[in-house]
Amino acid sequence: MRATRRVYRYFILNRSARSGLQRARAAWVHRALDADAMHAAAQALLGEHDFSAFRSIECQSKTPVRRVERLTVRREGDYVWMEIAANAYLHHMVRNIVGTLLDVQSAADPLAAMKSILAGADRRHAGVTAPPAGLYLWRVEYPAAYGIPTPSAGLLLPPEA
């Protein structure tokens, strides 16, 4: 049985004070984040591309080509969350995309900056790998022929700190 789509979510607690309760559940960034700029930059990644710029050195995949169907960045109170849906992922791909979005959100043209990083296909030009806290495999979807229902897509944020 082969999955057709995998959806990950990444949560960032974006406020000046770190939460002891959220330490292992969400990444923490104290500087103000521009979720709209991050969302705009993320749109450069939609479609089928060579994602070498977001590939870990430990990745054993035969090809860096993946198809990203959706990448959304939103703010909900103190949280900035991202949802990415793709046919498959490279090792650390989601965390490397998050780290890059954290960098390019402050560029003069975040979309152009992300396009340049993607086109360059060089991991050294992308952002750092975001921490594992905050990364969730949200759901896995299979062909309809298997009769496996798709779970609800409702937003569930980690409990308030």
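In this predicted model, R95 is buried and yet forms no salt bridge, the nearest side chain of opposite charge being that of E58, at a distance of 8.6 Å. R95 is placed in helix α2, which covers residues 93-104, and its side chain makes a polar contact of 3.2 Å with the side chain of H92. When residues up to four places away in sequence are left aside, R95 touches Y10, V128, T129, A130, P131, P132 and L135.

Aromatic rings were examined next. A pair of aromatic rings is described by the distance of the centres and the angle of the planes. Across the whole structure, a search finds four aromatic pairs. In one of these, the ring centres of F11 and Y136 are 5.6 Å apart and the planes stand at 75°, so the arrangement is edge-to-face. Because F11 belongs to strand β1 (residues 5-14) and Y136 to strand β6 (residues 135-141), this pair ties together parts that are 125 residues apart in sequence. F11 is buried, with a relative accessible area of 1%, whereas Y136 is partly exposed, with a value of 27%. Ring pairs also link F11 and Y136 with W138 into a cluster.

A further aromatic pair is formed by F51 and F54, which is tilted, with 6.1 Å from centre to centre and 50° between the planes. F51 is buried, at a relative accessible area of 0%, and F54 is likewise buried, at 0%.

Note on methods:
Residues numbered from 1 in each chain as written. Predicted model: local features only at pLDDT ≥ 70, side-chain atom pairs only at ≥ 80, totals over all residues. Heavy atoms only, no water. Phe/Tyr/Trp six-rings, centres within 6.5 Å; stacked < 30°, edge-to-face > 60°. Helix = DSSP H or I, 4+ residues; strand = E, 2+ residues; numbered from the N terminus. Buried < 20%, exposed > 50% of the residue type's maximum accessible area, 1.4 Å probe, protein only. Lys, Arg positive; Asp, Glu negative; His and termini not counted. Salt bridge = Lys/Arg side-chain N within 4 Å of Asp/Glu carboxyl O. Polar contact = N/O pair within 3.5 Å; in protein donor to acceptor, adjacent residues only side chain to side chain. Contact = heavy atoms within 4.5 Å.
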